[in-house]
Amino acid sequence: MTDVTVRQFADVVGLPVDRLMAQLGEAGLKISDADETISDKEKMQLLSYLRKSHGKSEALSVSQPKKVTLKRKSHSELRLSSGGRSGAAKTVSVEVRKKRTYVKRADLVAEEQDRLKLEAEEKARIQAEREAKLKAEQDALHRAEEEAARKAEEEKKRAEEAARKADEALSRKAGEEREKAEQEALAQARAEQEALQQKQETERKGKQRTPAAAADDRHTKYGRQELHVAKGKSGRRKKKKATGFGGVAVKGSGEHGFERPTAPVVREIEVPEAITVSELAQKMSVKGVELIKSLMKMGVMATINQSLDQDTAALVVEELGHIAKPVSEHDLEAQVGELVAREVVGEKVPRPPVVTIMGHVDHGKTSLLDYIRSTRVAAGEAGGITQHIGAYHVETDKGVISFLDTPGHAAFTAMRARGAKVTDIVILVVAADDGAKPQTIEAIQHSKAAGVPMVVAVNKMDKPEADPERVKNELAQQQVIPEDWGGDTQFVEVSAKTGQGIDALLDAVLLQAEVLELKAVEDCPAQGVVIESALDKGRGPVATILVQNGVLRKGDTLLAGQEIGRVRAMFDEAGRAIESAGPSMPAVVLGLSGVPAAGEDAVVITDERKARELAEFRQHKQREIKLARQQQAKLEDMFSRMGAGEHETLNIILKADVQGSVEALRDALTKIQTDEVTVKIVSSGVGGINETDANLAVASNAIMIGFNVRADAAARRIVEEHGIDLHYYSVIYEAIDQVKAAVSGMLSPEVIEEIVGLAEVRDVFRAPKIGAIAGCMVLEGAVRRSLPIRVLRDNVVIFEGELESLRRFKDDVNEVRAGTECGIGVKGYNDVQVGDQIEVYERTEKARQVE
C-alpha cells in the first residue's frame, strides 16, 4: 500500500482532519501537518491505540474471526432463439452469485457446551427451589403435628389433674363425713355414759346412811380415815377448812390435780453454732444423763460440760423427738446490722479525707508526717521505728486531713492491711536513695486489694545520691505508672528534712479527695473502726476509734467487737478532752468493758439491751473458740509426740501495750519453729504483767516477754521466788532476734564428720597374746591414736571402732603421717585382711541457727 497524506487518509476513513490529527497525536505519532504522509506502520500504530482505548487486544493476530464468509459472482450469456420467422436469437446476460460461510468447529462446540451448562444450572436451580419448597412444607407439617401432639398431651395432663383433684375432693369429703359420723357416735356414747352415771349417783344418794353413822366414817383432807373419837375431841388445835392450792378444794380421794400428757411434748429447740451438753439438756427439759446416753448411741462420747457443734446437736435433738432450729450468730449480727443501717439515713455532707502513710521501714513516713504536723513523733518511738498505728487530725493551709501512720517493719503486716482498709487515699513513701523494698511492694498490694488510690511521695530528695527515676522504674514494674509516663499515679518529690515538695504533696492529696467526692452522714448514730486499743493502768481499756459516719458523743452506748460500754470521756491525739468527734476524725475513747480487737467495727446502738446481748454472744463464741483451739492443740501435741518422739516446746507469755503490737508479735513469734523446737504462745494480752501471768508462767514453764510494759510488785515477787525468765523489749525485731537465739540454743548441734587419714593394709601379723596386727602404709592425711576408725573392704564399711595400738617400728606413737608405714591394732576386731583400708575420721559439733 502506497503512502498517502493525512488529509487523504481522513477522506478515506470519513473523519475530519482535525480529529484524525488529534488521534494521531494521542497515539504518539509526531505529525504536525495534514499534508504529511502517513505510512502503513503508523496506520497500524494508530489502529492499535484505538483498539486498546476501546478495550480490544493489541495483537491483531490473536483476534482471529470466528467465521469466514466467501462471496463469488459469475457472469454468463444465454442465447435464446426467438422462434419467429426471421430466426433471430436473443442474448440473455445471467449473473450467478454464491455465498458460503465457514465456521470454526471448536467455537461451535464451546458455544454448545456453554449453552448446555447454562441449561443444566437452570435445571439444578429449579430443582433446588422445588426441593426447598417441599422441605419447608414438610417442616411446617411436622411442626403442626408436634404442636397438635403437645396440645393433646397438655389436655390429657389437665384432664388427669382434674380427675385427681376430683378424687381427692371426694376422698376428703368422704373422710370428713366418716370423721363427723365417728364424732357423733362418740358424743352419743358419752352422753349415754353420763346419763348412766347420773342415774347411779341418784340411786347411791337415796341409800345413804344416817349422818351420825357417816360422821363416824369421815375422811381427812388427804383421804385418810380419822380415829373414832368423841365429837369435838379430834385435837386441841382448831381444824381449818380443807383447801388446796389457792383455796381450791383437794379431792378427798388423795389424787393430785395434774393429768399425764396423752402425747409426748415436742419442742422447737434453737441450736446455736456451739452449745454444751448441759445447756442442750436444759433446753429440751431432759436429764443430762439421758442426753449423754443418746449421744453414746450415736457414737459421740461427750461429758456434761463438753461443747457440741451445731450438726451433732441438731441430730441428737431430732433423735429425741424434738424439732431443731439452727440459729447462726449471723442472725443476731444481721438484726443489729439492720438496726444500724436503718438509722444511717440523712443528708450526706462532704468530709475530710482519711490518708494512710505506708512504705518500707526507715523510708521517712513518720518524719514526713512530723513535718506536716510540725511535731516530733519519730524521736519518741523506740529505736526510731513506728510500732503503732498513729491517727492524727491535721488542719493544714490546704484543708483538713486525717492521717494514719502505719509501721513499715515486716512484722506489722496485719496492721498495714488494717490501715489500708479504712483509708480513702494511700501515700506511698519511697526513699529516693533506696528504691522499692519488700514492704513497699506489700503496701502496693494492700492498696490495690482495698481498691484505694495511691499518691507516691519520693522522699529524701535532699540527699546527693537521690535517684527518683530509679524509683519510677522499680514501681512501674509493680504496675504503678507515673502520670508523666501516661499512667494514673501522681509522683511527688519531697524531703521530710527540708520541707521540699510538701505543699505539692498536700495539693495532690486534696485533688485526689475532690475526685473521690468523699461524703458521710452526720445526723445519725456514730459508726467507725477501732484503729488501736490498749489497757491503761489508770484509765482502764482505751480504744482509738476513727469515726466514719455520724457524730460520736460522750454518753453514747458503744459496741466494739465483743466489748460494750458507755463513752465516759473522749480525747484527741494530743490528749485534749473533746465532747464529740465527727466523720473522719480519730478519737481516744474511755468506758468500754474490755480491750477490743484492733480492726473491729465500732457502732453506737440505741437499743442497749440488744447491744449487750450481742456483746455477750460474741464473748461466749470467742470463749468457745479459745477452748476448742486449746483442745485441738492438746491433741496435735499428743499426736506429734507419738509420731516424732522427743519434741521440745518454748512456751511464751506475751504482754504488750497495745492490741496491734500483741497481734504482730504473736504472728512473728509463732513463725519461728523448726522440726525439733516449736514456739507456743501460752497467753497473750494487753496491759502490764500481773500476778496471774506470773503464776501461769510458773505452771507452764514459760518465759515472759513484756513489750513496752512492766511487771507489778506481786508479779516481780513471784518472778524472783521461782526464777522465771522475764524480758522487757521496746523494739520488735530485738524481741524476735532474742527468741530466735533461744530456739537456736534448744536445737541439737549438727555433727560433721571429717576424714583425717587413710591407711592401706599391706600385711597382717598375728601374735597369740595381742591378736592381729595390720602392717599399713598411710596413703592420705594422718592416723591418730585417739580418733575413731572404720575398716573398709572393697569400699564397703565392715567394721566401726577404735584403735587399740599404733606403732612405728617398735615405738608407740600418737600420730603417723602420710607416706610412712606403721602397725595398727584394731580393738575388738581380728579379721583384718591384706588390701583392707583403715579410715580415720573426726566428729565435730556445730551449733545450728534459726534463720
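## Report on the predicted model

Tyr829 has a relative accessibility of 13% and therefore counts as buried, where buried means under 20% relative accessible area, exposed means over 50% and partly exposed covers the values in between (1.4 Å probe, protein chains only). The structure is a predicted model, in which local features need a pLDDT of at least 70 and side-chain atom pairs count only at pLDDT 80 or more, while totals for chains, interfaces and linings use all residues. Residues are numbered from 1 along each chain as its sequence is written, and side-chain values use heavy atoms, with hydrogens and water left out.

The average pLDDT of the chain (the predictor's confidence in each residue, from 0 to 100) is 78, and 81% of the residues score at least 70. Residues 57-63 stay under 50, and beyond four places in sequence the model gives them seven contacts, a contact being heavy atoms within 4.5 Å. Residues 408-412 also have a pLDDT below 50, yet this stretch has 22 contacts in the model beyond near neighbours in sequence.

### Rings and charges

There is one aromatic pair (ring centres of Phe, Tyr or Trp, with its six-membered ring, within 6.5 Å; planes under 30 degrees apart are stacked, over 60 edge-to-face, the rest tilted). The pair is formed by Phe799 and Tyr829, whose ring centres are 4.6 Å apart and whose planes meet at 15°, so that it is stacked. Because Phe799 belongs to strand S32 (residues 796-808) and Tyr829 to the loop between strand S35 (821-826) and strand S36 (837-846), the pair ties together parts that are 30 residues apart in sequence; helices (H or I, at least four residues) and strands (E, at least two) are DSSP runs numbered from the N terminus.

The charged end of Arg710 sits over the ring of Tyr728, 4.4 Å from its centre (NZ of Lys or CZ of Arg within 6 Å of the ring centre and within 35 degrees of the ring normal). In the case of Arg790, the charged end sits over the ring of Tyr841 at 3.9 Å from the ring centre.

### Helix H2

Helix H2 spans residues 17-26, and Leu20, Met21, Gln23 and Leu24 are buried in it. These four cover an arc of only 165° around the axis, so they lie on the same side of H2, the arc being that of the directions from the helix axis to the C-beta atoms. The buried residues of H2 pack against helix H1 (6-13), strand S2 (37-38) and helix H3 (40-53), whereas Asp18, Arg19 and Glu26 are exposed on the other side of H2. After H2 comes Gly28, which has a positive phi near 95°.

### Single residues

Most residues other than glycine have a negative phi. Ser584, however, has a positive phi near 65° and lies in the loop between strand S22 (580-581) and strand S23 (586-592). Phe809, which is not a glycine either, has a positive phi of about 60° and is found in the loop between S32 and strand S33 (811-812).

| Residue | Relative accessible area | Class |
|---|---|---|
| Phe799 | 19% | buried |
| Ile732 | 1% | buried |
| Ser584 | 1% | buried |
| Phe809 | 71% | exposed |
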